[in-house]
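Please open the model in your viewer and keep the selection panel at hand.

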Amino acid sequence: MTALFVQEIFMKVPIRIAVTGAAGQISYSLLFRIANGDMLGKDQPVILQLLDITPAQQTLRGVAMELEDCVFPMLHQVIITDDPKIAFRNAEIALLVGARPRSKGMERYDLIKVNAETFAEQGKILNTYAAPHVKILVVGNPANTNALILLHNAPNLDPRNISSMMRLDHNRAIGLVARKLSQPVTSIRKMIVWGNHSSTQYPDLSHAEMDGRSILEFLPDRNWVENEFVPTVQSRGTVVIEARGLSSAASAANAIVGHMRDWIFGSPPDDWVTMSVLSDGSYDIPAGVLYGFPVTCQNGNYRIIQNLPISETGHRNMMASYLELLKEKEQVKHLLQQ
Ligand code: NAX
């Protein structure tokens, strides 16, 4: 038996990963992290199926060339296309990063409208062409509502396999507290960012721990928690745009990698992560929106942490974000089948 033959027998089967918006900023960081094995492991071959719109195909060709030039051992193949049917065919993971950014003079409602159509169409195509067990993460904004539209347009897919991203907000909250307390980020656990990926989100420190003790013991200044921590996390994306002239990209890619890795391989022991998933009535958030909850993950499934005590202020903040999601849902109701 030759060495090559042995390797072929034991090599894992490549996983097809569809990425939309593949010529954009986030993808320029994300694709190289995935190809390097940061998301699925250093022994898992991957096939990248990259989608972007027709005018972006030249840029996409350049990205594909750079991926090839990295000679990543686990990068089995790169497919580039402007046809979602090709990008989603047999995909087991779909990372929906692509979306139209808000242009000059465009209101939030216009943005919701224009991206809503895209996610309805992509939901239908995923429903038919992707692997039935495909795990989907929606990143393109407004992420929670786009994911809801997608879910309604993909009736054959398990709604529990559709999520949207709050992990960047979760990471931002951990980083901010760790810097405030001059402690390593690894000492902070049980962070939560409830709600929508928007300025109404509610970063909540009331259950967070540092080295096993309530973090609030180390943060006696309630003013800092309410008037610094919460608004700083809520507005971090805007502040990054002001500083960089562009929105968060490498940190968003890092959050995508973390979200998918934990979902597939399990969240860290004695901790939880924030994922935006279909609400089921937990914490008085009515069923039927994608909402940021604290979850643990095991064997590819998530479970919403139950029975955390919620203060009156916390409840009010959580509801405010829910009401925003409800308003967004109302704006796209024509795209939500039954
Ligand atoms: P870019 O504008 O750099 O890239 C977006 C890419 O999507 C472009 O290449 C564009 O051609 C492509 N695209 C547009 N419509 C498409 C379609 N119908 N099919 C396939 N591709 C399409 O944006 P980037 O900085 O990469 O951000 C991508 C999205 O992530 C934006 O919607 C952004 O708002 C959102 N974000 C979401 C975050 C989250 O935590 N949920 C955080 C980061 C980021 O702001």
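**The second largest pocket**

By class, 8 nonpolar, 8 polar and 9 charged residues make up the lining of the second largest pocket, where Ala, Val, Leu, Ile, Met, Phe, Trp, Tyr, Cys and Pro count as nonpolar, Asp, Glu, Lys and Arg as charged, and the others, Gly among them, as polar. This is a predicted model, in which local features need pLDDT of at least 70 and side-chain atom pairs count only at pLDDT 80 or more, while totals for chains, interfaces and linings use all residues. Residues are numbered from 1 along each chain as its sequence is written, and side-chain values use heavy atoms, with hydrogens and water left out.

Select Arg167, His170, Asn171, Ile174 and Asn254, which lie nearest the centre of this pocket among its 25 lining residues. A pocket here is an open set of points on a 1 Å grid over the protein atoms alone, where a 1.4 Å probe fits, with protein on both sides within 12 Å along at least five of seven lines, and lining residues have an atom within 4 Å of a point.

**The largest nonpolar core**

Now select Ile17, Leu67, Leu95 and Ile256, which have the most contacts inside the largest nonpolar core, a set of 58 residues. Such a core joins buried Ala, Val, Leu, Ile, Met, Phe, Trp, Tyr and Cys residues through side-chain atoms within 4.5 Å, buried meaning under 20% relative accessible area (1.4 Å probe, protein chains only). H10 supplies the largest share of this core, 7 residues.

Conventions. Buried < 20%, exposed > 50% of the residue type's maximum accessible area, 1.4 Å probe, protein only. Helix = DSSP H or I, 4+ residues; strand = E, 2+ residues; numbered from the N terminus.
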